[in-house]
Amino acid sequence: MSSQITFKLPDLFAMCKAARITSSVHPRYKEAGAESAAWISSYKLLGPDTRAFFDNLNTAIFVGCTCPYAGYEELKMSCDYLNLIFILDEITDVQSGADVRKTMDIHFRVLSGEPCDGSALSRMSFDFRANFLKQFGPNNIDRFLDQHKSYAGEVIVEADHRDRSSLLCLDDYVLSRRENSGMKPCFTLIECCNHFHLPDEVLKHPTIKRMHDAMLDIVCWSNDVYSYNVEQARDGDACFNVIPVIMKDKAYTLQEALDYAGDHIQALLSQFIVDKAALPSFGTAVDANLQKYIHGLETWFSGGLRYSFTTPRYFGDDREEVEKTRIVRLAQRNAL
């Protein structure tokens, strides 16, 4: 572990600005967030300590920043999904690999349409499915479930790694992070919130697939860069974050790893911009929806950056100063 007292973040906001990716906040995020928080609280799955962390997490601001284009009901459903993922993370983070497998199996079977078994987790999953179908209809649920199943499966794999205290190599980490971040199903919500369904051949086109994967990595790596300090303070070298993975994989110092992450994010963003300028055409109607989809992808990047400095989750009371200087004081282990 580096003995550095401070480190400097890559300038992700400058990258975003240079790519002409804008950000805004949904004007009704507080209202939608309050409704969603009441919904998730009704299942009584949060203990006192977890409740405080949940309130600090403030998924309403996050969704408000990443889905500013959504209608109100669509915004609330997006809040519900992020809150559902949070609950699953909280439950599975303290379970063994075997128990995580049981938890995710119960959750996904009910989410896929099987009967509710009466448990709080089962009821929450059942109600989310019913609300999803009511709001977005059956056309979008198959793609959403396919992506969410991949997320659920990778949560199980992550638990197995946690049991063995193993740290993935960089290539394996990238693939794992794409799945267990929950971003793939979140990207499908772009279609849901805009009430369209892109044909499979569009999403499987090499250019669109490359843009999707690039933005997936950009969002995940950006979050890892910003969350690293609190995660290393809480979990030490075992934290599931790209920075310690780079440090181990490439024998880099902390600052070198952060610089590498920043350079990689810039390279991905540059390729994304090139691909955006050379989009294939799929017909007037599909092309219009594809433009909305790409805008939604971009908003997950810009909105995630905005969220990181709107709440104290990553940088505490120093967040305004960190946003200006990009200098972060390395937190002591177990201090957060």
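**Close-up views of a predicted model**

Figure 1. Searching the whole structure turns up 18 aromatic pairs, and Tyr 81 with Phe 128 gives a tilted one. Their ring centres sit 5.9 Å from each other, with 40° between the planes. Tyr 81 belongs to helix α5 and Phe 128 to helix α7 (residues 120-136), so this pair ties together parts that lie 47 residues apart in sequence.

Figure 2. Which helix holds Asp 80? Asp 80 is found in helix α5. Is Asp 80 buried or exposed? Its relative accessibility is 0%, and because buried means under 20%, Asp 80 counts as buried. Leaving aside residues up to four places away in sequence, Asp 80 touches Ser 36, Trp 39 and Phe 128.

**Figure 3. Helix α4 under cover.** How many of the residues in helix α4 (residues 59-66) are buried? The count is 8 of 8, so to speak a mostly covered helix. Among these buried residues are Ile 61, Phe 62 and Val 63, along with Gly 64 and Cys 65. What do they pack against? The buried residues of α4 pack against α2 (29-41), α3 (48-57), α5 (72-93) and α15 (284-310).

**Figure 4. Helices α14 and α15 side by side.** Helix α14 (residues 254-276) packs with α15 at an angle of about 165°, and their axes are 13 Å apart. Angles over 145 degrees count as roughly antiparallel, and α14 and α15 are therefore roughly antiparallel to each other. The crossing of α14 past α15 is left-handed. On the α14 side, the residues that meet α15 are Leu 269, Phe 272 and Lys 276. Their partners in α15 are Ile 294, Leu 297, Glu 298 and Phe 301. Sorted by class, this contact of α14 with α15 has 5 nonpolar, no polar and 2 charged residues.

**Figure 5. Helix α12 meets helix α13.** Here α12 and helix α13 (residues 242-250) pack at an angle of about 90°, with 8 Å between their axes. That makes α12 roughly perpendicular to α13. From α12, the contact uses Trp 221, Asp 224, Val 225 and Tyr 228. From α13 come Val 242, Ile 243, Pro 244, Ile 246 and Met 247. By class, the contact of α12 with α13 has 8 nonpolar, no polar and 1 charged residues.

Figure 6. Tyr 226 is buried, with a relative accessible area of 2%. Phe 315 counts as buried as well, at 9% relative accessibility. Tyr 226 and Phe 315 form an edge-to-face pair, 5.7 Å centre to centre, with 80° between the planes. Tyr 226 lies in helix α12 (residues 206-235), while Phe 315 lies in the loop between α15 and α16 (319-325), so the pair ties together parts 89 residues apart in sequence.

Notes:
Residues are numbered from 1 along each chain as its sequence is written. This is a predicted model: local features need pLDDT of at least 70, side-chain atom pairs count only at pLDDT 80 or more; totals for chains, interfaces and linings use all residues. Side-chain values use heavy atoms; hydrogens and water are left out. Buried means under 20% relative accessible area, exposed over 50%, partly exposed in between (1.4 Å probe, protein chains only). Helices (H or I, at least four residues) and strands (E, at least two) are DSSP runs, numbered from the N terminus. Contact means heavy atoms within 4.5 Å. Axes are lines fitted to C-alpha atoms, for helices over the stretch in contact, and angles run from 0 to 180 degrees between N-to-C directions. Angles under 35 degrees count as roughly parallel, over 145 as roughly antiparallel, 65 to 115 as roughly perpendicular and the rest as oblique. A crossing is left-handed if the near helix is turned anticlockwise from the far one by less than a right angle, and right-handed if clockwise. Ala, Val, Leu, Ile, Met, Phe, Trp, Tyr, Cys and Pro count as nonpolar, Asp, Glu, Lys and Arg as charged, and the others, Gly among them, as polar. Rings of Phe, Tyr and Trp (its six-membered ring) pair if their centres lie within 6.5 Å; planes under 30 degrees apart count as stacked, over 60 as edge-to-face and the rest as tilted.
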